[in-house]
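Please open the structure in your viewer and keep the selection tool at hand. The tour below moves from one selection to the next and says what is there at each stop.

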Protein chains: 2
Amino acid sequence: MGSMAWDTDATREKLLDAAITEFSDRGFSGARIHQISRISGCNRERIYFYFGGKAELFEAALTRELVTALDDLPIVGSGPVAIADFAGRYFDLSRSRPSLARLTFWEGLEQGHPVGAETRALRAANKVSEIRGALPALSEAAAEDLLLTIVTLCHAWVSSPNVPLVITGTPDDERRRASIIRTSELLARDAPGMASQPS
Amino acid sequence: MGSMAWDTDATREKLLDAAITEFSDRGFSGARIHQISRISGCNRERIYFYFGGKAELFEAALTRELVTALDDLPIVGSGPVAIADFAGRYFDLSRSRPSLARLTFWEGLEQGHPVGAETRALRAANKVSEIRGALPALSEAAAEDLLLTIVTLCHAWVSSPNVPLVITGTPDDERRRASIIRTSELLARDAPGMASQPS
DNA sequence: TCAATCTCCAAACGTCTGGTTGGATTTGAT
DNA sequence: ATCAAATCCAACCAGACGTTTGGAGATTGA
């Protein structure tokens, strides 16, 4: 009758959420299946039923978190300031959802091969197009380099806190945000026709 | 006098070298004590004799690799070009000894607290002074930000290859090197008092 | 209602892990 | 030759790990 069957989707979601948390905190090797089941409130066995194993769960968690990365961050307006604005919003996103940056680094350090490479490459390419739309003077390669620099700086800030700690003392979010924004703007301004370019 | 009984220092060194390799490759959780003993050629038990345990060996390996980081990389000359040159050499160093960058990220992601913080802070401060010596127009904070940006970009390039892969396709060392150098130079030029920047 | 099906869970399994131990073997000094 | 220290080695330990299993309880269709 009307009453709902088992809420199997909710179980999957709870497991995925817990997996994202645990894998983001401790990486693949450090994550514990027992801990994921504990914080999800589900039984350990459900992981194997729904996902197959630890490795597959890692992939599923990674996919879910990474694929939607650049989506909600359009570049509005045009010119270097629009790029700087985008960088600021990407910084804020990385700050508010550090699992994205951390999972990215875990993936690179532990796993090696990127999951969902095609999808991510596609979204990255779209973002590069957006950048070039806002900065027609930029070459394709320069736009890629710029996006890579912005993403790298934001990710590293949230996932590698001790380098900042050692260099600048107590980390200061606002200050770093301003620095990254400034860097992005300078790079955006550094286009052929606006200044002399490196070969 | 003369010759020593057993070359105990060599044993320590072999263990440390192997530990650096293994920890750099797989991180703390992923590294296997058995593997370290294997590639060092020493017995597993020697690790506990000399270092106490896995955690202490990790600290020792990290210390040895990180503390000497910025030492052999003086800033020669002055002006933005000197900074760009430094960035290029730091890039080359990171490329040729990736364990430095990787261990730094492992430390940040897994461990949290920086090992040898005081020593590293001191050397970083020295480097900041050097930068300011080459660029008197830069404020202390700006010099710190600049150093942090250079180090971050170089480290991330060698330890997080999939972001570049997804954004630019096949990674190109020379191209990235040029991009980081250009970024450093732009940042170095962006100082109060240098209102207009000729290239 | 009955039986089939699905979700969940507790317990168990086999393996691997970091770490320990005791003794055999090597080495240089005396 | 003898001694002591350094090393190796094999076995062992207890705990943690990822994974599997057997069945209990809930749900559904007839």
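**First stop: a residue on a helix**

Select A60(A), which is partly exposed because its relative accessible area is 22%, a value that falls between the 20% limit for buried and the 50% limit for exposed. This residue is found in helix α4 of chain A, and, if residues up to four places away in sequence are set aside, A60(A) touches L16(A) and F51(A).

**The whole of helix α4**

Which residues of α4(A) are buried? They are L57(A), F58(A), A61(A), L62(A), E65(A), L66(A) and V67(A). To see what covers these buried residues, show the other helices of chain A, including α1 (8-30), α3 (44-50) and α7 (117-134).

**Rings in chain A**

Colour the aromatic side chains, for a search of the whole structure finds 12 aromatic pairs over all chains. In one of them, the rings of F86(A) and Y90(A) have their centres 6.2 Å apart and their planes at 40°, so the pair is tilted. Both residues lie in helix α5 (residues 80-96) of chain A, where F86(A) and Y90(A) are four residues apart, about one turn of the helix. F86(A) is buried, with a relative accessible area of 0%, and Y90(A) is buried as well, at 2%.

**Rings in chain B**

Move to chain B and select F28(B) and F58(B), whose ring centres are 5.3 Å apart and whose planes meet at 70°, so the pair is edge-to-face. F28(B) lies in helix α1 (residues 8-30) and F58(B) in helix α4 (residues 54-67) of chain B, so the pair ties together parts that are 30 residues apart in sequence. F58(B) counts as buried, at 1% relative accessibility.

Back in chain A, ring pairs link F23(A), F28(A) and F58(A) into a cluster, and the charged end of K54(A) sits over the ring of F28(A), 4.7 Å from its centre. In chain B, you can find R46(B) over the face of F49(B), at 4.2 Å from the ring centre.

**A loop and the other chain**

Select S160(A), in the loop between α8 (140-159) and α9 (162-168) of chain A. S160(A) counts as buried because its relative accessibility is 4%, and, leaving aside neighbours within four places in sequence, S160(A) is in contact with T104(B) and F105(B).

**Cysteines, and a place for caution**

How many disulfides does a search of the whole structure find over all chains? It finds zero. C154(B), for example, is in no disulfide, and the nearest cysteine sulfur, that of C154(A), is 17 Å away. C154(B) is buried, with a relative accessible area of 0%.

Finally, select residues 195-199 of chain A, where pLDDT stays under 50 and for which the model has six contacts beyond four places in sequence. Where pLDDT is low, the predicted coordinates should not be read in detail.

Key: Residues numbered from 1 in each chain as written. Chains lettered and ligands numbered in written order. Predicted model: local features only at pLDDT ≥ 70, side-chain atom pairs only at ≥ 80, totals over all residues. Heavy atoms only, no water. pLDDT = per-residue confidence, 0-100. Contact = heavy atoms within 4.5 Å. Buried < 20%, exposed > 50% of the residue type's maximum accessible area, 1.4 Å probe, protein only. Helix = DSSP H or I, 4+ residues; strand = E, 2+ residues; numbered from the N terminus. Phe/Tyr/Trp six-rings, centres within 6.5 Å; stacked < 30°, edge-to-face > 60°. Lys NZ or Arg CZ within 6 Å of the ring centre and 35° of its normal. Disulfide = S-S within 2.5 Å.
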